[in-house]
Amino acid sequence: MSQKIFSPGLIEISRLLNHLHKDGGARISDNNPMNDILPDRIIGILGGMGPEATLDLYRQIIRLTPAVKDQDHIPVLIYSNPKIPDRTRAIAENGESPLPYLIHSAMLLEQGGAGIIAMPCNTSHHFLQEIQEKVKISVINMIEETCRTLHSLQPE
């Protein structure tokens, strides 16, 4: 019997890549002044909540991109802020809320030209709805994506 191991980050990458290949991909918003300079498909990574998780997500994007040369890779904009307050402490112990920092980070990525945002930190997804309400681009919910993938693989 073979077993499969699923990594939420890998499933999230699959969704990112699928999103980029849809009709026109992850487009920069029409009113963004960067439209003339940047390509129309940019992945934003809201990171720093473990910096190594950010690195791992970026490494997986590179690894899973069918590129022959540097120019074939997908543009990625990373905002890594390790100063975001502890998410677990905020949720479980009524600690300082990371929400203003997460929203600010998402807005920076959007203003920088990202067409979609991925967050490699599992715990930050507790705040995803509030983050999504403040930006016009999609923020991928890697928890839901993982569940959807596992559900699709489960026999009826």
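Tutor: A residue counts as partly exposed when its relative accessible area falls between the buried limit, under 20%, and the exposed limit, over 50%. Keep that handy for this predicted model.

Student: Okay, why is Arg148 called partly exposed?

Tutor: Its relative accessibility is 48%. Buried needs under 20% and exposed needs over 50%, so Arg148 counts as partly exposed.

Student: And what makes Glu145 buried?

Tutor: Glu145 has 8% relative accessibility, and the cut-off for buried is under 20%, so Glu145 counts as buried.

Student: How do you know that Glu145 forms a salt bridge with Arg148?

Tutor: Their closest N and O atoms are 2.7 Å apart. A salt bridge asks for a side-chain nitrogen of Lys or Arg within 4 Å of a carboxyl oxygen of Asp or Glu, so this pair passes. Both residues sit in helix α6, three residues apart, which is about one turn of the helix.

Student: What puts the buried residues Met142, Glu145 and Thr146 on the same side of α6?

Tutor: In α6, Met142, Glu145 and Thr146 are buried. They cover an arc of only 100° around the axis, so they lie on the same side of α6.

Student: Why is the pair Arg89 and Glu93 called a salt bridge?

Tutor: The closest N and O atoms are 3.6 Å apart, and the limit is within 4 Å, so the pair counts as a salt bridge.

Student: What makes Glu93 exposed?

Tutor: Glu93 has a relative accessible area of 57%. Exposed means over 50%, so Glu93 is exposed.

Terms used. Residues numbered from 1 in each chain as written. Predicted model: local features only at pLDDT ≥ 70, side-chain atom pairs only at ≥ 80, totals over all residues. Heavy atoms only, no water. Buried < 20%, exposed > 50% of the residue type's maximum accessible area, 1.4 Å probe, protein only. Helix = DSSP H or I, 4+ residues; strand = E, 2+ residues; numbered from the N terminus. Arc of directions from axis to C-beta.
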